[in-house]
Amino acid sequence: MKLRQILLATAILLAPGFALAGEDVTIVPPPALDQTTPAKSETIVLAGGCFWGVQGVYQHMKGVSSAVSGYSGGKKETASYEIVSGGDTGHAESVEVTFDPKTVSLGKILQVYFSVVHNPTELNRQGPDTGTQYRSAIFTTSADQEKVAKAYIAQLDKAKVYSDPIVTKISSLEKFYPAEAYHQDYATINPTQPYITYYDLPKIENLSKLFPQDYRDKPVLVSEAKASN
């Protein structure tokens, strides 16, 4: 956390006139291949830098019933923020996204992932954050998801949507470990925190502008889901 704040403070000092900034957005076309047999509910785990912003985007997406910050790719014993921050656990900061395919397709989930959530051409980094825990990765929960995700990356690379190749890794989800409670709903609870203001709120704003039909103003929060259970 301290590293993020130090890097952010430097960015603010160098920026001519502080305002909502964030990262560049690349508008990507929808996938040519999408799921054809939607299930009642589906889950996919997405990693694209700091999980605060990834979670914030999907919590504002129609059809998403849950977006939980956590860790994927490593062992249970190392699934904690302090250890994962060392960058050598195999874990990626990630978000478990549960959605209704009848309302929002997997293809749309991935289109937002590649357009709004992060830059998939950055290797082991995202914005001011560096390390393997900030890598671009898709953890699939079915063969169908893997097929769609791989075809989409091939489509985007072939079309040269980005100036550099996509480095997103696709693998089957072994286990997802929810992050500590203070990381959940972070963008909603801390809207004036400098990191959130500078890097993550623009992602949510871009979702509302680029995908207005998929945006909802009221986010689906982890805390509210727990309270109702």
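Mentor: Buried means under 20% relative accessible area, exposed means over 50%, and partly exposed is in between, using a 1.4 Å probe and protein chains only. Keep in mind that this is a predicted model, where local features need pLDDT of at least 70 and side-chain atom pairs count only at pLDDT 80 or more, while totals for chains, interfaces and linings use all residues. Residues are numbered from 1 along each chain as its sequence is written, and side-chain values use heavy atoms, leaving out hydrogens and water.

Trainee: So why is Y71 called buried?

Mentor: Its relative accessible area is 0%, and the cut-off for buried is under 20%, so Y71 is buried. F51 also has 0%, so F51 is buried too.

Trainee: What makes F51 and Y71 an aromatic pair, and what kind is it?

Mentor: Rings of Phe, Tyr and Trp (its six-membered ring) pair if their centres lie within 6.5 Å; planes under 30 degrees apart count as stacked, over 60 as edge-to-face and the rest as tilted. F51 and Y71 are 5.8 Å centre to centre with 55° between the planes, which makes the pair tilted. The structure holds 7 aromatic pairs.

Trainee: Where in the chain do F51 and Y71 sit?

Mentor: F51 is in helix α2 (residues 51–59) and Y71 is in strand β2 (residues 64–72), so this pair links distant parts of the chain, 20 residues apart. Helices (H or I, at least four residues) and strands (E, at least two) are DSSP runs, numbered from the N terminus.

Trainee: How do you know what to call the pair of W52 and Y186?

Mentor: Their ring centres are 3.9 Å apart and their planes are at 5°, so the pair is stacked. W52 lies in helix α2 and Y186 in helix α6 (residues 186–189), so the pair ties together parts 134 residues apart in sequence. Both W52 and Y186 are buried, and ring pairs link W52, Y186, Y195, Y198 and Y199 into a cluster.

Trainee: Why is α2 described as largely enclosed?

Mentor: Because 9 of the 9 residues of α2 are buried, the rest of the structure largely encloses this helix. Among them are G53, Q55 and Y58.

Trainee: What makes a set of residues a nonpolar core?

Mentor: A core is a set of buried Ala, Val, Leu, Ile, Met, Phe, Trp, Tyr and Cys residues joined through side-chain atoms within 4.5 Å. The largest one here has 48 residues, and Y58, I109, L110 and F114 have the most contacts inside it. Helix α4 (residues 106–117) gives the most to this core, with 8 residues. A second, separate core of 8 residues includes V45, V68, F139 and F176.

Trainee: Why is N124 called partly exposed, but D185 buried?

Mentor: N124 has 29% relative accessibility, so N124 counts as partly exposed. D185 has 2%, so D185 counts as buried. N124 is in the loop between α4 and β4 (125–126), and D185 is in the loop between β8 (176–178) and α6. N124 has a phi near 55°, a positive value in a residue other than glycine. D185 is not a glycine either, and has a positive phi of about 60°.

Trainee: And which label does L210 get?

Mentor: L210, found in helix α7 (residues 194–210), has 32% relative accessibility, so L210 counts as partly exposed.
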